[in-house]
Amino acid sequence: MKALITGASSGIGREIALYLSDLGYDIIVVARNERALRDIQREIKTKVEVVAMDLTDRENAWKLHEMYKDEPIEVLVNNAGFGVHGLVTETNLEKDLELIDLNITALHILTKLFLSDMKKRNLGYILNVSSIAGFMPGPLMAEYYASKNFVLSYTKAIYTELKKEGSEVHISALCPGPTKTNFNKVANVDFKMKSYSAEYVAEYGINKMFEEKLVIVPGIKMKLTHMASRILPSKLMSNFAYEIQKRKRR
């Protein structure tokens, strides 16, 4: 059994790699930070391969699939991603485009290519890491929220296609709320609400993925937020998100 995890150098991706190793999977860890990947390599109990790669370059997403297209990848976790905080007119456009390339384009390429391989074998699981942000608009983090909306909608559509085909390949979207990861530092924000541990989110997400759950929301508070997003008007949810993001500013 083999699993490939992007964004595996820290946070949720790192904990997913460790947990899947505990479950007996050989692991392929992918991220830009090779030193951090080497650190996790020493902790993983099963066989591990380190791939230091920048997935904001879409050519690298193609290369990654080329490297492992003939391997029996049973689990793909698209976890790599980051956020940018600020008004749309004030954030750096190049950074916005890097966000889109990583959060959307790389995930799309890897999902599409590895999904095709899995369908041929009629076996496999894909876990796309979205966010509670995927359920609503996100003023002051507009690009990030929109990217997670894409991940969630894309995953739901593929789920239905697979079900209609009677496929044994399964796909899920993990939608965590605030989690203790390196995300805050990259986005230059501070969460004002209690965060879940990355270990909890990772284990909960993987367990629910194996239960073939489509949308995975860890934590009671985030489940309530998800329910609210389905009931309340989008303008109200947008204002709610704005106030949350406003309080995060450093």
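1. Contact, as used in this note, means heavy atoms within 4.5 Å. The structure under review is a predicted model. On that basis, glutamate 143 is in contact with Val88, Thr91, Asp96 and Leu99, its neighbours within four places in sequence being left aside. Glutamate 143 is found in helix H5. Is this residue buried or exposed? Glutamate 143 counts as buried, because its relative accessibility is 14% and the cut-off for buried is under 20%.

2. The largest nonpolar core has 36 residues, and the members that touch the most others are Leu4, Val30, Leu55, Leu64 and Tyr68. Several elements give two or more residues to this core: strands E2 (26-31), E4 (73-78) and E6 (169-174), and helices H3 (58-68), H4 (93-121) and H5 (142-165). Of these, H4 gives the most, with ten residues.

3. Leucine 4 deserves a separate entry. Its contacts, leaving aside neighbours within four places in sequence, are Ile28, Val30, Leu64, Tyr68, Ile73, Val75, Leu76, Val77 and Phe114. Val30, Leu64 and Tyr68 from that list are, like leucine 4 itself, among the residues that touch the most other members of the core. Another core lies apart from this one; it has 31 residues, including Ala17, Tyr25, Val48 and Tyr204.

4. Helix H7 covers residues 198-210, which is 13 residues. From its first C-alpha to its last the helix reaches 18 Å, close to the 18 Å expected at 1.5 Å a residue. The buried residues in H7 are Ala198, Val201, Ala202, Tyr204, Gly205, Ile206 and Met209. After H7 comes glutamate 212, with a positive phi near 65°.

5. There are six aromatic pairs in the structure. One of them joins tyrosine 25 and phenylalanine 210 in a stacked arrangement, with 6.1 Å centre to centre and 20° between the planes. Which parts of the chain does this pair tie together? Tyrosine 25 lies in the loop between helix H1 (11-22) and E2, and phenylalanine 210 lies in helix H7, so the pair links parts that are 185 residues apart in sequence. Tyrosine 25 is buried, at a relative accessible area of 7%, whereas phenylalanine 210 is partly exposed, at 24%. These two residues and Tyr125 form one aromatic cluster.

6. A further pair is made by tyrosine 200 and tyrosine 204. Their ring centres are 5.8 Å apart and their planes stand at 35°, so the pair is tilted; stacked would need planes under 30 degrees apart. Both tyrosine 200 and tyrosine 204 lie in helix H7, four residues apart, about one turn of the helix. Tyrosine 200 is partly exposed at 33% relative accessibility. Tyrosine 204, with a relative accessible area of 19%, is buried, because the cut-off is under 20%.

7. The second largest pocket holds about 190 Å³ of space. Its lining consists of Lys112, Leu115, Ser116, Lys119, Tyr154, Ile158, Glu161, Leu162 and Glu165. Which elements give two or more residues to this lining? They are H4 and H5, and H5 gives the most, with five residues.

How values were computed. Residues numbered from 1 in each chain as written. Predicted model: local features only at pLDDT ≥ 70, side-chain atom pairs only at ≥ 80, totals over all residues. Heavy atoms only, no water. Expected span 1.5 Å × (residues − 1). Buried < 20%, exposed > 50% of the residue type's maximum accessible area, 1.4 Å probe, protein only. Core = buried A, V, L, I, M, F, W, Y, C linked by side-chain atoms within 4.5 Å. Phe/Tyr/Trp six-rings, centres within 6.5 Å; stacked < 30°, edge-to-face > 60°. 1 Å grid on protein atoms, 1.4 Å probe; cavity = no way out; pocket = protein on both sides within 12 Å on 5 of 7 lines; lining within 4 Å. Points joined across faces, edges and corners; volume = space filled by probe spheres on them.
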